[in-house]
Amino acid sequence: MNVMVPVKRVVDYNVRVRIKAAAVDLANIKMSMNPFDEIAVEEAVRLKEKGKADEVVVVSVGPRDCIETLRTALAMGADRGILVACDGAIEPLAVAKLLKAVCDTEKPGLVLAGKQAIDDDCGQTGPMLAALNGWAQATRARSLEIDGTSARIERETDRGTESLTLRLPAVVTTDLRLNEPRYISLPNKMKARQKPIAETTAAELGVDITPRLTVLDVAEPAPRAAGIKVKSVGELFDRLHAAGAL
Amino acid sequence: MTSLVVAEHDNRILADATARTITAARALGQPVEVLVAGHGCQAVADAAAGLDGVDTVLLCDDPLYAHPLAEPFAALILSLAERWDAVLAPATSHGKAVLPRVAALLDVPQISEITKVLAPDTFERPVYAGSVMATVKAPAGKLAITVRPTAFAAAGAAPAPAPILSLPAGPDPGLSAFAGETLSQAAGPELTSSKVVVAGGRGLGTADNFQLLAHIAGRLNAAVGASRAAVDAGFAANDCQIGQTGKVVAPELYIALGISGALQHLCGIKDAKTIVAINKDDEAPIFQVADLGLVADLFQVLPEIDAELARRGYN
């Protein structure tokens, strides 16, 4: 079974973005692999190490800089990469269609994806890909076991955790507790340079990626005003009572 | 045509998130139908029919919907697509899993986690963990929307109940099966709708201290929340996590104990009316958003808070 992992290049989670000239200012800021995708790569590599997967293929959709993101995944232990090169804004539905086209040729037994990207916070791509493929899905996985033609997933829900059995192939999206991604060693970084990265485009895959939504405005929310410091627990509750907060 | 609201429930109780999603749906200006799919869920349908602004409740009571599996729920909503112009679900673990399937198969974009309806086709939604608010306009055609419940008021009681229409079950995709669940042990009110939330972070240091925090929360009839760090450390269950990738809360009072205030956490509490922060690090970013801050060691201050509340009659 092959495992496919989509990886997105996003603004690093430590960076607070700002608005400049009515757009999110992305000039000269640190970019990284979406943290949830990193967890997905780690899980795929672990499946391979356990003998449950034969090959781990990573796919990135976006500008040529995404090759750096693919190299990071290859250094973690993925076998080969595919870049779907495209510029400009791309919506989750378009990404899902591109990944569907890649699935049609790669025929993975499992797609492991991040549960959401930390830039657009949509959380749509995984379930959309599952639907377009006519596959089962489990979002927010905290554990995953592959057993032949099925997968047993424990997923985090608003009420606790839930176990599902999925028929494979399927799409599973990762939550924070699934694993802790490995540290990348220098030799593995070097080795990743030799691993193959194929390139394709949306046009080659026959997918129209024109955005459907129009972004009319982006703005920073009004900041909360800082309050005051109190000296003691007693003072804290006195003030809460006086303000009617308790 | 109508706006279809996907009800969130556990077959017994209609979640508060549904009443809030109905308010968002009303703003689209079309009649509102609420879909209650479940098993043995008549009480949920009755509750939905009693909410103001609901024109019809569609009840689909079948073992296929006993558990909230994404594939059969999406298939059911798709089978009803001729009825609706817009489908709205609360941005819960279930709604977020189901709606993208519906949008993809109808070939329409989804608008995730809206916080405002500015026009029937124009919405505000947070991006970059709420550092940026985006205004987006949808194209003509069907709409698929998830709604951030805390951003909308809950629909009140209707003067007269709406009619309930029973529907046959939709197709069974047969792709997945429910294999059990572990429900959160948290006592007290539900986190996302509680008026008071007491939340802990890594600064609590031990699971025992988190237990004491839960005890304090009990005195205030508050829900227990946690930062990601506290969940990762095993102090609290995953369903307590507040922030970008967890739950969003907007209580009257939010008390943060030993939470430093990473951007990813702050975006989950920014609509709290009053924020109290207690942390031993006076440089912690949480103090920049707190209305009342106390710099103190949690190990000393937790028993003090407990005693102070006891003295003030919070039992």
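I began with residues 21–209 of chain A, which are 32% helix and 33% strand, with end C-alpha atoms 25 Å apart. Helices (H or I, at least four residues) and strands (E, at least two) are DSSP runs, numbered from the N terminus. This is a predicted model, where local features need pLDDT of at least 70, side-chain atom pairs count only at pLDDT 80 or more, and totals for chains, interfaces and linings use all residues. Residues are numbered from 1 along each chain as written, chains are lettered from A and ligands numbered from 1 in written order, and side-chain values use heavy atoms, without hydrogens or water.

Next I looked at chain B. The domain assignment, automatic or from a database, gives domain 1 (2–166) and domain 2 (191–311). Their C-alpha centres lie 30 Å apart. Domain 1 of chain B puts 7 residues into the contact (heavy atoms within 4.5 Å), and domain 2 of chain B puts in 8.

I then turned to the nonpolar cores: buried Ala, Val, Leu, Ile, Met, Phe, Trp, Tyr and Cys residues joined through side-chain atoms within 4.5 Å. Buried means under 20% relative accessible area (1.4 Å probe, protein chains only). The largest core has 53 residues, and B:Leu35, B:Ile77, B:Trp84, B:Val87 and B:Val102 touch the most other members. Helix H3 (residues 92–106) of chain A gives the most to this core, 9 residues. I also noted a second, separate core of 45 residues, including A:Val41 and A:Ile146.

Methods: Buried means under 20% relative accessible area, exposed over 50%, partly exposed in between (1.4 Å probe, protein chains only).
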